[in-house]
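Work through the exercises below with the sequence and the model at hand. Each task is followed by a solution in steps.

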Amino acid sequence: MEMLQTVVRAWRVPELRKKMIFTLLMLIIFRIGSNIPVPGINRDALAQMFQSGQGLFEIFNLFSGGSFGNMTIFALSITPYITASIILQLLTIAVPSLEALSKEGLEGRKKITSYTRYLTVALALVQAVGLTVGLFRSALISTDIMSIIIIVLVLSAGTTFLMWLGEQINENGIGNGISLIIFGGIIARVPGQLGTTIQNARSGETSSMTITLFIIFAVVVILGIIEIQQGQRRIPVQYAKRVVGRKMYGGQATHIPLKVNQAGVIPIIFAMSLLQFPMTITYFTGTNTGFGQWVNKYLSLNGSPGVWIYCGFYIVLTFFFTYFYTAVTFKPDEVADNLKQNGGFIPGIRPGNATVEYLTKVMNRVTFVGAVFLSVVAVLPTAVGGITGITSLYFGGTSLLIAVGVALDTMKQLEQRMVMRNYTGFLK
């Protein structure tokens, strides 16, 4: 109730109301474009390709809000932008010139952003060609060169437009534009999934008790996600007093916040991509071949003992990518150097190598908790489907994690703007 009151108060502020309306309009444009089909596609042939709903198809459908399955102008969604951002982050570590550029402040970040845009367009073109000529070739009405060029340009332009749309939300709206686009796609699929579940309940395929237990379970999981996403390990930091001229600086106490889930949803996405890649290959080789039958038995959620092998690999890969991505984004040596240069220290820990070792030790422990959390979220859909028997409602752990995370971040931004206007917030 307090959250709704704060949103209402924000709506009464002209500046915030303008930003909220702008964000909603951009999301409406995104959903309109998600229903405009790409020309030259045979819809019946396309529907047959998505009947199983497995493999990387489901991942692309997740980020595009169903646009990939319907082959609309936003079928590629913003996945090329996400890939380009990850590549630039990794290159910033490996390439000295990019690392120096990232340390130049605002101007350096602007250049890296420009590189990300160019790489996004290049990746969009490559993916569009791969989908048109390779994956969806059987669904093309005409395979002449002009038809293929038109489809490739439409798909690439759709991704470029979404990238621009996200940047407009960042500048003129509230929240992270790219995250809100993914969030809008996930939420847009909920009504259809709920409708299917209600129909199953009316026809007797799903009992009311099962649905009730499912709702209770979903609420508990969402609350758990909120607690973990908000969780931090605060390392105390003390700054020594320094005299510069006639003024004294420092002497204050602060802390270094280490998030429990430092890696976000990235580890789950990477693990899911690797695990479902063999299933995607079966679309080309056929499910009745020896390879297809082996994958369906040992590496599929529908196989036995494949479901247990799948979940086991899922947990192992999630742990691996959680530690890997955390190591990429959090560097104890840089943090220790910054503390030393500014006269800061952790009480009881000597500056230098001792601080690096302490931060690494604490980060590894915190990351373990985050990895356990992500692993539970990753295998949650299988457990819920096995317990409740509900398969029509898309209850992916990735969807929940993204949706709840984006909602929290957006509300935090709104909260910060309200605090500046002396309103009492709801995120304590």
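Among contacts (heavy atoms within 4.5 Å) between residues at least 6 apart in sequence, 71% join residues at least 24 apart. This is a predicted model, in which local features need pLDDT of at least 70 and side-chain atom pairs count only at pLDDT 80 or more, while totals for chains, interfaces and linings use all residues. Residues are numbered from 1 along each chain as its sequence is written, and side-chain values use heavy atoms, with hydrogens and water left out.

**Exercise 1.** Describe the packing of helices H2 and H9.

Solution. Helices here are DSSP runs of H or I with at least four residues, strands are E runs of at least two, and both are numbered from the N terminus.
- Step 1: H2 covers residues 14–33 and H9 covers residues 145–172. Their axes are 9 Å apart, at an angle of about 170°. Axes are lines fitted to C-alpha atoms, for helices over the stretch in contact, and angles run from 0 to 180 degrees between N-to-C directions.
- Step 2: Angles under 35 degrees count as roughly parallel, over 145 as roughly antiparallel, 65 to 115 as roughly perpendicular and the rest as oblique. H2 is therefore roughly antiparallel to H9.
- Step 3: H2 contributes Lys 19, Phe 22, Thr 23, Met 26, Ile 29 and Phe 30 to the contact, and H9 contributes residues including Phe 161, Leu 162 and Leu 165.
- Step 4: By class, this contact of H2 with H9 has eight nonpolar, three polar and two charged residues. Ala, Val, Leu, Ile, Met, Phe, Trp, Tyr, Cys and Pro count as nonpolar, Asp, Glu, Lys and Arg as charged, and the others, Gly among them, as polar.

**Exercise 2.** Is Gly 344 buried or exposed?

Solution. 
- Step 1: Gly 344 lies in strand E5 (residues 344–345).
- Step 2: With a relative accessible area of 6%, Gly 344 is buried (under 20% relative accessible area; exposed is over 50%, with a 1.4 Å probe and protein chains only).
- Step 3: Beyond its neighbours within four places in sequence, Gly 344 is in contact with Gln 238, Tyr 239 and Leu 339.
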